[in-house]
Amino acid sequence: MKTILVTTASIVNVAAETYFYAPNLPVSADELAHLSLLINEELSYHSYITDVRLMQLIAEKCPSIALNTDGYTTYGLRNCLGYILRDQFAFNGPIITLKGKELSMSDVFTEFAKDQEVLSVDELSALSNEMSIVIYWDSILSEMIRVSATKLVRKDQIKFDIEAIDDILEGMCPGDYVPLPEINLFLYFPNIGYPWNSYLLESYLFGFSRKFRLLHSSFIKTGVYGAMVRKNADFPDYRSLLVDVLSKSNALDSTKEALQYIVDKGYQQRRRYEGIETVIQEAKLVKEQREKQEK
């Protein structure tokens, strides 16, 4: 029975462990035609709308649909309409586009950023909350530069003197990498029209530096964590960096101790990392090999 439920396109999930035969939605053909016109009108101005906006359209301009589907969740009504209107529109989770012009969640954040000269973190939070998903920071920062804890500007608003900035960073990184919280003196950085800070440095490393790159577990809304790593250093990913970091520490006796060390040094915000046990084992091996070579 469950196989039939999850493999039959017309039977849609409307709530936890609850399914509904979409063609039975109490909406007439005329009402659907009217709603389709409204969605098309919205999509003539925007590349997508969210399911929240869809519900607003229904509440404001389709009162009979709103009345007859009162009690349906946004999720449930969206999924029913997604099946019924599948020949005209693409419903990808909370994102609705014209059929054949589907957008991923990442694409939505990229499109959102492209349309802005200045963005606030509150605006990004509002968008993510509307779609019940996390902020896709990589997509946002492919188009924008974060200049503070609360503000981002479009990339063409800032011109970096990359050679001068990289020369300054050279003096701050005696080895292959340095945790970002240790870079906190920006007095001698070239003027770019905005005060230098950790958020700006994070954006610079992510998209501009020729000598350094950013390695971290993820972008964080409320802080800057990770490491500035030389591009010629042999660390293909954040995990390999953690192995090296821990191999040079005395925090290998337990997962709790290792995670606390990583957090204390500023490599990440939370004491959590999937696969930390194997990272510790690899770090122990690297440490043993290094100690043998030094003898």
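This is a predicted model: local features need pLDDT of at least 70, side-chain atom pairs count only at pLDDT 80 or more; totals for chains, interfaces and linings use all residues.
Student: How is a pair of aromatic rings described?

Tutor: A pair is described by the distance of the centres and the angle of the planes. Rings of Phe, Tyr and Trp (its six-membered ring) pair if their centres lie within 6.5 Å; planes under 30 degrees apart count as stacked, over 60 as edge-to-face and the rest as tilted. The whole structure holds 13 aromatic pairs.

Student: Why is the pair of F109 and Y136 stacked?

Tutor: The ring centres of F109 and Y136 are 5.5 Å apart and the planes are at 15°, so the pair is stacked.

Student: Is F109 buried or exposed?

Tutor: Buried means under 20% relative accessible area, exposed over 50%, and partly exposed in between (1.4 Å probe, protein chains only). F109 is buried, with a relative accessible area of 0%, whereas Y136 is partly exposed at 31%.

Student: Which aromatic pair is edge-to-face?

Tutor: Y238 and Y273 form such a pair, with 6.0 Å centre to centre and 65° between the planes. Y238 is buried, at 7% relative accessibility.

Student: Which residues do ring pairs link into a cluster?

Tutor: The cluster consists of F160, F186, F189, W196, Y204 and F208.

Notes: Residues are numbered from 1 along each chain as its sequence is written. Side-chain values use heavy atoms; hydrogens and water are left out.
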